[in-house]
Amino acid sequence: MTDTPAPVRPDRRAELAAGLARVRTRIADACAAAGRDRGEVTLVAVTKTYPAGDVVALAGLGVTDVGENRDQEAAPKAAEVAAAGAMPRWHFIGQLQRNKCRSVVRYADVVQSVDSVRLAVALDAAAAAAGRDRSLEVLVQVSIDGDPARGGALPDSADPDRGLDPVAAAVADGGALRLGGLMAVAPLGWEPERAFARLAEVAQRFRDRYPEAAALSAGMSGDLESAIGYGATHVRVGSALLGMRPTLR
């Protein structure tokens, strides 16, 4: 039996509420500046290293989507949050190893970091074996700078495992998966405007081929305004929402 997390202290709840209000205002202002409807952008609260009690408190404040980077932390945290009666939509947003697929499909609603055909095939097999009652939504992580040494499918590559087209096709063909769209991280050293302008070009070509896969997850605490300006539908926010991140152990 999974223990329920201890309730957060009143001062911590106040901190979370204040952080959430600030982030929501930033998103609303960015949408207004871009001429977009606020309802087009989903906040994904990135809760890695933060306790399950914070997730429960955020859910109580109206946060519907939560992101985690590491399965060894996310799996027990998701169980604790469920035991407390909170049911956020869980996004796995970190680098995913194929041997972790069987664990991730048990709690994740969305996997945002699929960047190879081999991973897509392994995830599809794991989702099918888990007997899920709904398809697992997948966002293909795309490389903005095309550096094969970094994570992300390569948008202008014919590589049969890492090329964006083969990866997207593998997800779309997966019987237990649903292709939702794209995810990206601005490369180190790139100005956000340059990065997200490039991403918008890739996303437009992608939507031409997969019009129903319209999700675009881009932007974090420091650059969410720019990402929204270039069409992001999901922003992944950690420190601006929850405060300075505890040191990883």
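By class, 8 nonpolar, 6 polar and 3 charged residues make up the lining of the largest pocket, where Asp, Glu, Lys and Arg count as charged, Ala, Val, Leu, Ile, Met, Phe, Trp, Tyr, Cys and Pro as nonpolar, and the others, Gly among them, as polar. This is a predicted model, in which local features need pLDDT of at least 70 and side-chain atom pairs count only at pLDDT 80 or more, while totals for chains, interfaces and linings use all residues. Residues are numbered from 1 along each chain as its sequence is written, and side-chain values use heavy atoms, with hydrogens and water left out.

The largest pocket holds about 290 Å³ of space, and of its 17 lining residues, Gln141, Arg150, Gly151, Val185 and Ala186 lie nearest its centre. A pocket is here an open set of points on a 1 Å grid over the protein atoms alone, where a 1.4 Å probe fits, with protein on both sides within 12 Å along at least five of seven lines; lining residues have an atom within 4 Å of a point. The volume is the space filled by probe spheres set on the points, which are joined across faces, edges and corners.

Arg162, in the loop between strand 5 (136-141) and helix 6 (164-173), is buried yet has no salt bridge, the nearest side chain of opposite charge, Asp115, being 4.6 Å away. Buried means under 20% relative accessible area (1.4 Å probe, protein chains only), and a salt bridge is a side-chain nitrogen of Lys or Arg within 4 Å of a carboxyl oxygen of Asp or Glu.

| Side chain | Backbone oxygen | Distance |
|---|---|---|
| Arg162 | Arg150 | 3.0 Å |
| Arg162 | Gly152 | 2.6 Å |

Notes. Helices (H or I, at least four residues) and strands (E, at least two) are DSSP runs, numbered from the N terminus. Buried means under 20% relative accessible area, exposed over 50%, partly exposed in between (1.4 Å probe, protein chains only). Lys and Arg count as positive and Asp and Glu as negative; His and the chain ends are not counted. A polar contact is a pair of N or O atoms within 3.5 Å; within protein, one must be able to donate a hydrogen and the other to accept it, and residues adjacent in sequence count only if both atoms are side-chain atoms.
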